[in-house]
Amino acid sequence: MSIDLLKRSGLFIVFALAQTIVLGRIHLFGYATPLLYVYFVLLFPRNYPKWAILLWSFFLGLTVDVFFNTPGVAAASMTLIGAIQPYFFELFVPRDSSENLKPSVKTLGTLKYFNYSAVLVVLYCLVFFSLEVFNYYNWVEWLKCVVGSAVFTLVLIWTFDSVAGKEG
């Protein structure tokens with residue numbers, strides 16, 4: 001078994017446990033829920049096999065669905081983000097960079113990493129809450145959930161990334 005597979009499996013377990021035990025129970029102001037497990041998909045390096053990203057994303061979403069009784073909502077949203085991530089990441093990577101470049105503030109720079117993570121997290125929140133609500137009867141509440149969760153999630157992702165960047 002490769003070292004990368006062990007690290008990735010460990011991260012999978014940490015994100016799944018953190019989301020299901022702690023973060024999934026937080027609803028700041030009744031709307032903002034941190035969806036930190038999206039960070040797992042953001043961490044895939046350049047040239048990681050696309051089929052593997054899809055599988056990891058789907059199974060992490062499925063794990064969250066099982067614990068929160070959201071049948072297929074997180075799995076579908078995570079699979080979409082997993083499908084888009086490799087192509088979207090290429091937009092921010094310098095042409096002369098390493099084949100195994102990992103996305104972070106340190107490797108991409110603050111503005112590029114901000115744009116990279118913000119677009120994927122907002123897209124995830126849009127899809128997740130649209131599928132969860134499945135109607136737009138109360139669109140103000142839906143919008144509060146999308147914006148609140150996206151901002152809360154991004155703050156956590158940038159916090160974790162800045163701490164990891166100082167250690168590594």
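**Pockets and their linings**

Analyst: α1 gives the lining of the largest pocket its largest share, seven residues. Helices here are DSSP runs of H or I, at least four residues, numbered from the N terminus. It's a predicted model, with local features needing pLDDT of at least 70 and side-chain atom pairs 80 or more, while totals for chains, interfaces and linings use all residues. Residues are numbered from 1 along each chain as its sequence is written, and side-chain values use heavy atoms, without hydrogens or water.

User: What's the volume of the largest pocket?

Analyst: About 690 Å³. Of its 22 lining residues, L11, Y39, L43, K102 and A164 are the closest to the centre. A pocket is an open set of points on a 1 Å grid over the protein atoms alone, where a 1.4 Å probe fits, with protein on both sides within 12 Å along at least five of seven lines; lining residues have an atom within 4 Å of a point. Points are joined across faces, edges and corners, and the volume is the space filled by probe spheres set on them.

User: Which helices supply at least two residues of that lining?

Analyst: α1 (3-22) and α7 (139-167) each do.

User: How do the lining residues of the largest pocket divide?

Analyst: Twelve nonpolar, four polar and six charged. Nonpolar is Ala, Val, Leu, Ile, Met, Phe, Trp, Tyr, Cys and Pro; charged is Asp, Glu, Lys and Arg; the others, Gly among them, are polar.
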